[in-house]
Amino acid sequence: MQQLADSLLQTGFLQGVPTEAGYALVIAFFAFVLLNFIMLIAGVTSWLERRVWARIQSRVGPNRVGPQGVIQWLADGIKNIMKEDIVPAEADRPLFKAAPYLAMMGFFATFAVIPFGDGLVVADLNVGVLYITAVTALVVVGILMAGWASNNKWALLGGIRSAAQIISYEIPAGIAVITVVLFTGSLSMQTIIRAQGWAPWDWFLFANPFLCIASFIFFVSALAEGNRTPFDLPEAESELVAGAFTEYSGLRNLLFFLVEWGNLYVIGALYTTMFLGGWQIPPITEQPVIQGALQFATFFAKSYFLVFVAMWIRGTLPRVRVDQLMTLCWKYLVPITFANLIGAMIWFVLFPNGLAIMRFAMFALGVAVTIYFFSRILFHLRRARPRLRLNPIS
Amino acid sequence: MIYAALFYLIAGLTVFCALGVALSRNVVYSAFFLMGALLGAAGLYGFLLADFVAVVQILVYVGGILVLTLFAIMLTHQIAEVEVSNRSVGRLPAAILVIVTGVGMGLAIFRAPWHTAPSGEPPPTTYGIGEAFLGPYLLPFELASVVLLTALIGAIVLSRRELRD
């Protein structure tokens with residue numbers, strides 16, 4: 001980004017502006033563009049989630065506003081903006097009002113390092129992956145603040161659950177990230193992507209068994225950290241009304257949900273970066289603009305596929321209990337990740353340059369599992385079809 | 001100019017939040033001010049081009065320790081109404097302590113030879129830190145881990161009822 005800023009300062013329309021002011025302008029511009037991009041993503045995700053979820057549960061879902069209901073999220077947003085912003089009389093006013101912004105800040109800051117393409121990244125920090133893990137902590141503090149400031153039992157319980165959950169699952173997620181970092185030797189998002197190739201067998205997901213296990217652990221832990229079903233205990237409707245967000249209304253409530261939907265995309269982007277080869281595309285064109293667009297499309301498609309998987313999981317699995325949540329983390333995921341890390345270290349010492357046969361074997365295994373999965377689904381669909389014939393007259 | 005303004009903004013925020021931690025009557029407010037102070041410190045590390053330390057500061061202190069502190073505060077019954085103040089130390093000893101510490105820190109600030117960090121793209125620091133931890137500073141590093149492990153085991157022993165009885 002600095003190169004872009006420099007070139008704009010020297011030749012573009014920012015010519016003559018003092019260097020620092022120029023940088024500040026470029027940063028502000030990028031922040032503006034990213035914020036709008038995020039709003040768009042979070043909004044569309046909210047609509048898509050409701051549609052996908054409805055499809056899974058044999059309902060229709062929102063399909064009235066626009067074709068197939070694609071601008072339902074705009075209608076919801078306008079509705080929420082126009083609603084009254086209620087602060088409970090007994091609530092802690094300043095903290096109650098500040099909490100959604102804190103959560104929003106922690107989530108928005110992650111987008112600074114997400115690499116949408118070879119040069120399409122706001123800041124390729126040397127500590128990119130660690131940075132994302134660190135700033136998402138602000139979301140927890142925001143939720144805790146909301147829970148406490150609401151002065152409501154359910155909200156407080158939701159906030160505390162959220163804190164316990166996120167702190168616990170940060171450990172397996174962090175160790176899974178370290179497993180990847182072990183093979184790249186860098187924490188920078190772009191370096192991690194460049195260490196992989198465009199072909200699926202060059203992805204870290206299939207590089208060796210340990211990275212494959214790490215990828216699954218990372219996905220589960222990231223879902224738990226993002227408060228997603230089956231780990232959405234902080235806002236469990238059946239137990240806690242709406243958890244930490246019980247007392248919120250209007251725009252502030254919407255902000256929390258924007259964070260949730262947007263976080264889903266961050267999880268997908270992080271997973272794509274670390275295990276699915278990021279923006280890598282086959283070398284088919286030299287044109288920088290087309291290349292950039294293709295890279296962006298690749299990255300977006302991969303990360304959005306993971307968003308879809310998370311929706312799918314949400315529609316399929318029931319919510320876990322608190323004790324099950326903690327058991328899963330501390331008794332299973334943490335020991336498994338540590339053993340996995342040691343295994344990865346041994347693998348790295350044995351084969352510092354990777355093992356081509358293993359890569360292809362893992363890829364073949366992945367393809368086989370996918371084919372088996374879809375064949376099972378087709379089998380069950382075929383078996384279920386005759387029973388669904390409900391018209392007795394014909 | 002903007003760079004300097006940013007620095008003073010972040011430094012001012014850090015000091016303001018630190019004062020908030022010390023002077024706030026409500027312990028929950030203190031905890032949230034502490035977050036501001038820790039974030040400000042991370043920002044200052046960023047100004048020193050210590051990106052790794054800055055990020056670890058947020059990861060460990062805001063993501064771990066602060067959240068645990070909030071957790072403990074919120075689980076304590078009606079902690080917001082508790083009058084938090086230390087009555088065992090009077091005003092005079094406290095004032096003496098403040099003056100002595102203040103003068104000592106002031107002397108340290110004005111006497112220390114300050115280095116100015118070069119501006120521009122920060123060089124990768126993680127590699128050097130890793131080499132230092134596993135090379136010349138291996139023993140202190142491992143000792144720190146042992147201390148932390150001891151503290152962990154101590155906490156478990158103290159909190160488990162069946163072991164205490």
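Helices in these views are DSSP runs of H or I, at least four residues each, numbered from the N terminus. The model shown is predicted.

**View 1. Helix α6 of chain A and the residue that follows.** Let's start with α6(A), which covers residues 137-149 and has 13 residues. From the first C-alpha to the last, this helix reaches 18 Å, close to the 18 Å expected at 1.5 Å a residue. Just after α6(A), look for A:N151, where phi is positive, at about 55°.

View 2. Helices α12 (288-316) and α14 (356-384) of chain A each supply at least two of the patch residues. The most comes from α14(A), which gives five residues.

View 3. You will find A:L381 in helix α14 of chain A. Is this leucine buried, partly exposed or exposed? Because its relative accessibility is 45%, A:L381 counts as partly exposed, a class that lies between buried (under 20%) and exposed (over 50%).

**View 4. Where chain B meets chain A.** Chain B brings 31 residues to the contact, and chain A brings 28 residues. Interface size is often given as the accessible area lost when the parts come together. Between chain B and chain A, about 2,400 Å² is buried, with 80% of that area given by carbon and sulfur atoms. How many salt bridges cross the interface of chain B and chain A? The rule finds zero.

Methods. Residues numbered from 1 in each chain as written. Chains lettered and ligands numbered in written order. Predicted model: local features only at pLDDT ≥ 70, side-chain atom pairs only at ≥ 80, totals over all residues. Heavy atoms only, no water. Buried < 20%, exposed > 50% of the residue type's maximum accessible area, 1.4 Å probe, protein only. Expected span 1.5 Å × (residues − 1). Contact = heavy atoms within 4.5 Å. Buried area = accessible area lost by both parts, 1.4 Å probe. Salt bridge = Lys/Arg side-chain N within 4 Å of Asp/Glu carboxyl O.
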